[in-house]
Amino acid sequence: MTWVLANLGLIWARTLDHVVLSLPPIVLCFVVAVPLGWLARRYRLSRGIILTGAGLLYAVPSLPLIFVLPAVIGTSLLSPVNVIIALTLYGIALMVRVVSDGLDSVDADVRQSASAMGYSTWSRFWQVELPLAGPVLLAGMRVVAVSTVSLVTVGAVIGVQSLGSLFTDGFQRGIQAEIIAGLVATVGLALLFDGALVLAGRVLMPWTRRITAAKPSAPVEVSAA
Amino acid sequence: MNLFASAIDWILDPANYVGLNAIPLRIGQHLVFSLVTVLIASAIAIPLGYLIGHTGRGRGLAVTTSGGLRAIPTLGLLTLVALWVGIGVVAPYVALTVLAIPPILAGAYTGFEAIDRRTVDAARAVGMSELQIVRKVEVPLGLPLLIGGLRSATLQVIATATLAAYVADLGLGRYLFSGLKTRDYAEMLGGSILVILLALALEGIFALIQRFVVPRGVSGRLDTAPTLRTGSPTAAR
């Protein structure tokens, strides 16, 4: 505990590093996965290619990927960009399937009604299909956020600073409190991101709020958020 | 692309096939370590998951705990356990077993839950005992989802075993860290390629197994992503 109190500045600095590394992948993967997921659902051929590719990409271990990326994109080995790109790729691999499943879950009747009312394919996607797939996408993004925050720490072993640096430093210097502080801060950050996503979901999808409010489990959810 | 050529050269270099640091030996270590870890985790998670799936009790607790475990960064757990028990293979075994439990547990109980209740009721109606229902109905029908859980657990362990080399002289991850220390990018890249190939090979094998374990007479529609359905979204509540 004394270590923690004496090093609050360090913990805060590493937390900020961590946010800088984890936020871009979370945002970027969503931006890329939506069109890819749409494409995966639209054509049979693209579905096979995209979903298989995403599955294989997801199977690639994170640390080796961070080592391989510099050889592919020409960054330096110690560049934080490798970590950001690697985690973006993971996020995409996971979200593409979620987006495609989410769009699948939209009732065909609803889609046809929208067309009958005069929606173009483009506006139907943005105003009908995507919002209705929203809860599924939100669930996927929550997984992405939590796993991204946790995976960022891996970069610490090659020297990309984040809360993971508290693990490597604490291990090398034998300071248990430092590692525990890192664990608590990482999990805390993951919960914060998760809470932010839930909140964003409530603001952007007010119709789901009414449904959850009717359930008895709602108070638990509110307290956790 | 020259970098890849040097990495391939490193992989094919005969010098890397002798002694205690030989590539086949490292691959063997990596595989044995991962296999033992998954077995230990299965011994804990499968009976527990079956119990939860059969009785329907404790599901909320299981979802919450496994969701929480997922949020814990492996490296932190690994280094913490390594400080407790010292440098060596014990820390990776402990840390990775903890990691492998949630997906297997989820695979075990969702496998049971996914079974049509009428099937289970029918088994009970024809006079099967609870144990028989578990053994002859629920276990075979739940197998595809269990294998799915084992698949994610194995992949996760194979991936993280690389990280384990940070605290122990173990497996393919050694090449990554020793290359990092001596600034030998060919070794790092070669080692990384080997890990990636190993992971993809196992992914392929599991995909095949998953296809074969569907009992005859059951339609082959599988959800290969049990991790997501049972993952953190509900768990984070």
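1. Let me start with B:Ala164. Setting aside neighbours within four places in sequence, B:Ala164 is in contact with B:Leu78, B:Pro92, B:Leu96, B:Leu170, B:Gly171 and B:Gly173. Keep in mind throughout that this is a predicted model. B:Ala164 also turns up in the largest nonpolar core, which has 122 residues: together with A:Val96, B:Leu78 and B:Ile104, B:Ala164 touches the most other members. As for where the core gets its residues, helix α5 (residues 80-104) of chain A gives the largest share, 15 residues.

2. Is B:Ala165 buried or exposed? B:Ala165 counts as buried, because 24 C-beta neighbours fall inside 10 Å and the cut-off for buried is 20 or more. Beyond the neighbours within four places in sequence, its contacts are B:Leu170, B:Gly171, B:Gly173, B:Arg174, B:Leu176 and B:Phe177. For a sense of distance, B:Ala165 and B:Val63 are 102 residues apart along the chain, and their C-alpha atoms are separated by 30 Å.

3. B:Leu155 lies in helix α7 of chain B and is buried, since 22 other C-beta atoms are within 10 Å. What does B:Leu155 contact, leaving aside its neighbours within four places in sequence? The list is A:Ala59, B:Ala199, B:Leu202 and B:Glu203, so one of the partners belongs to chain A. B:Ser34 is 121 residues away from B:Leu155 in sequence, yet the two are 9.0 Å apart in space, C-alpha to C-alpha.

4. On to the interface. Chain B puts 35 residues in contact with 41 residues of chain A. On the chain B side, the elements that give two or more residues are α1 (2-12), α3 (59-71), α4 (74-85), α7 (130-164), α8 (173-182), α9 (185-212) and α11 (232-235). Which of them gives the largest share? That is α9(B), with eight residues. By class, this side of chain B has 26 nonpolar, six polar and three charged residues.

5. Overall make-up of chain B: eleven helices and zero strands, running α-α-α-α-α-α-α-α-α-α-α along the sequence. The C-alpha atoms fill a box of roughly 65 × 40 × 30 Å along the principal axes. Buried residues make up 47% of the 237 residues in chain B. Among contacts between residues at least 6 apart in sequence, 75% join residues at least 24 apart.

6. Chain A also comes out at eleven helices and zero strands. Its C-alpha trace spans about 65 × 45 × 20 Å along the principal axes. Of its 225 residues, 44% are buried. For contacts in chain A with a separation of 6 or more, residues 24 or more positions apart account for 69%.

7. A helix to look at in chain A is α2 (residues 8-42). At 1.5 Å a residue, its 35 residues should span 51 Å, and the end C-alpha atoms are 51 Å apart, so the two figures agree. Even so, α2(A) bends by about 30 degrees at A:Ala33, with a proline, A:Pro35, following within four residues.

8. Now the record for chain B. In an unreviewed entry, UniProt lists "domain: ABC transmembrane type-1" for residues 27-206; in the model that span is 86% helix and 0% strand, with end C-alpha atoms 18 Å apart. The UniProt "transmembrane region" annotation (unreviewed entry) covers residues 31-53, 74-95, 153-177 and 189-209. Residues 74-95 are 82% helix and 0% strand, and their end C-alpha atoms are 7 Å apart. Residues 153-177 are 68% helix and 0% strand, and there the ends are 24 Å apart.

9. For chain A, the UniProt "transmembrane region" entries (unreviewed) are residues 20-40, 49-73, 79-99, 143-167 and 179-200. In the model, residues 143-167 are 56% helix and 0% strand, with end C-alpha atoms 23 Å apart. Residues 179-200 are 100% helix and 0% strand, and the end C-alpha atoms lie 31 Å apart.

Notes. Residues are numbered from 1 along each chain as its sequence is written. Chains are lettered from A and ligands numbered from 1 in the order in which they are written. This is a predicted model: local features need pLDDT of at least 70, side-chain atom pairs count only at pLDDT 80 or more; totals for chains, interfaces and linings use all residues. Two residues are in contact if their C-beta atoms, placed from the backbone, lie within 7 Å. Ala, Val, Leu, Ile, Met, Phe, Trp, Tyr, Cys and Pro count as nonpolar, Asp, Glu, Lys and Arg as charged, and the others, Gly among them, as polar. A nonpolar core is a set of buried Ala, Val, Leu, Ile, Met, Phe, Trp, Tyr and Cys residues joined through C-beta atoms within 7 Å. A residue is buried if 20 or more other C-beta atoms lie within 10 Å of its own, exposed if 12 or fewer, and partly exposed in between; C-beta atoms are placed from the backbone. UniProt positions are given in the numbering used here, feature names are shortened, and annotations may be inferred rather than shown by experiment. The expected span of a helix is 1.5 Å times one less than its number of residues. The bend at a residue is the angle between axes fitted to the seven residues ending there and the seven starting there.
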